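Look at the model first, then read on.

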Amino acid sequence: MLVKNYYKPATLPEALQDMQRPFVKALAGGTDIVIALNERDTVPDGLVDLSGIAELKQITLRGNELHIGSMATFTQIATNASVRRVCPMLAAAAASVGSPQVRNVGTIGGNLANAATAADTVPALMAADAKAIVRSARGERVLSVTEIPTGLNATCLTQDELICEFIVPLHENCFMDFEKVGRRKALAIARINMGILLEMHGGTIERAAVAYGAVGKTAYRVTELEAFLSGKKLDGGLIEDAAALVERIVTEKLHGRKTTPYKRKIAAAVLRRALIKAREDDAR
Amino acid sequence: MTREMTFIINERTYTVQADPSMRLLDLIREVIGLTGTKEGCAEGECGACTVIMDGKAVTSCLILAGQAEGRRITTIEGVAKNGELSRLQKAFVECGAIQCGFCTPGMILSAKALLDENPHPTAEEIRTALSGNLCRCTGYTKILDAVQKASEDTD
C-alpha cells in the first residue's frame, strides 16, 4: 500500500473539491510521483488521480491562442498538428522527453508542477510566453509560466491548486527552436535545454525570447541576453558575442558550482546552434 | 485501502480486490498472477515492465492500478493466440533476438505497439519505438532485425 486514500474524480469541480482534503497530492501522468511513492520519498495521505477528467486532455486552437490541457501527454503534444505548426519548439521539447513509454503517459501539467530544473517543456513554454490557468475550489488565477517554478521541485502553487490549462499565444512568422544536450538520446535528463523564439525582419532580430533549463534551480528567461539580441543584425559576429555573453551569464548564475565550466560551454553551444539555424532560416 | 476494481487484461475482464495506489506492475504480477511482465529498474528507464494500455506502450512501474482501471491492457501473455506465437514473436526466435529473455516481453510489447499503429515502419521508427527498452545481453541489431522482419512478413 502506497497511500491511504485514492480519489479519482470524473470532473474538474470534483477534483477541486478533492484537492481541499488535507495532505493530498495531485496525480497527473505519474511518471515522477510513482517513483517517489515507490521509494517512499513522498508519503501523502491521499492521491487525487486526474486521469479520468476528459476536459483536461484537450488541445485546441481558438482564435490566436493555442489551449493545451494540463493532462495532455507528451506524445499528444509532440504529434498534434496545431502544436507542431503554432509552437514547433514545444512539440520538439515534448518529443525529447524520456522514452516512448514515458511520453505516452507523462503530461505537460505534471512536467511543470513537478518543477524539475531540467523539465523539457518548461523552457519552451517560457520562451513562447505561455500562461497557465490555475484553479482551486477558491477560485482561478492566470499566471505566466515563468512565475510558477520557485526552486528545486518547488512552485508558487498552493496545495489545493491545479494547473488546468496552458495558453500559448500565436507568434506569427517567428523562428522557434528547442535545443537539448543529454548524456544520450533516449531517456536523457537534460544537462541543458533551451527554448528560443526570434522575430526576424530582413536579417535583423526584432524581438528575442530565450529560456534555459537545467542551469540553476529553475528554468528561467534570460532577459539580459534577450535585450542584447534585440535590434541587432544576426551575423557571425553577433552569434559569437551572444555566445560569450551567455557564458558569462551562466557562470554568474551557477556561482562556483562544480559543473560550471561544462554548463557554460554547452549553454553557449546550444545558443550558437540555434542562432545558426535562425540565420539559415531567415536567408531562405 | 483495497476496493473492488475491474481491469481488462488480454481481452479478459478481471474483477479483484486491490489497492488503487499499487503499481500496475505489482497488480499484474501479484494480484492477477501474470508474471511475464518483468520488473527491472523500477524507475521507467529500462522498459522491462512495458505493457500496452489503450494501444500505447507504457511502463507499468510508472502507472498506478487506479489509473489503469477500465482501460485495455495487453501483457506478453496476450500476444500469442490459441497457443501459437505471433508473427513478431516468431521473428524474435528466428532472428536470434533473445538471449536471457528478461527484456524480451518489454521489447515485444514496444514493437507490437509500433506495428499495430504503423505496420511498415522505417528503420528509424523502429529504433525510436525501442529506445525505451534496454537489453544487457546482446547488441540491439538482432532485435531491430526481428521487428523489421515481422513488418515485412505476411501471414
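## Two helices in chain B

Helix α4 (residues 104-117) of chain B packs against helix α6 (residues 141-152) of chain B at about 35 degrees, with the axes 11 Å apart. Axes are lines fitted to C-alpha atoms over the stretch in contact, and angles run from 0 to 180 degrees between N-to-C directions. Helices are DSSP runs (H or I, at least four residues).

α4(B) gives B:M107, B:A111 and B:L115 to the contact. α6(B) gives B:I143, B:V147, B:A150 and B:S151. Contact means heavy atoms within 4.5 Å. By class, six of these residues are nonpolar, one is polar and none is charged; Gly would count as polar.

## Basis of the model

This is a predicted model: local features need pLDDT of at least 70, side-chain atom pairs need pLDDT 80 or more, and totals for chains, interfaces and linings use all residues. Residues are numbered from 1 along each chain, chains are lettered from A in the order written, and side-chain values use heavy atoms, without hydrogens or water.

## Chain A meets chain B

Each side is counted: 32 residues from chain A and 32 residues from chain B. Together the chains bury about 2,300 Å², 55% of it on carbon and sulfur atoms. Buried area is the accessible area (1.4 Å probe) lost on being put together, summed over both parts.

The chain A side has 15 nonpolar, 10 polar and seven charged residues.

Notes: Buried area is the accessible area (1.4 Å probe) that two parts lose on being put together, summed over both.
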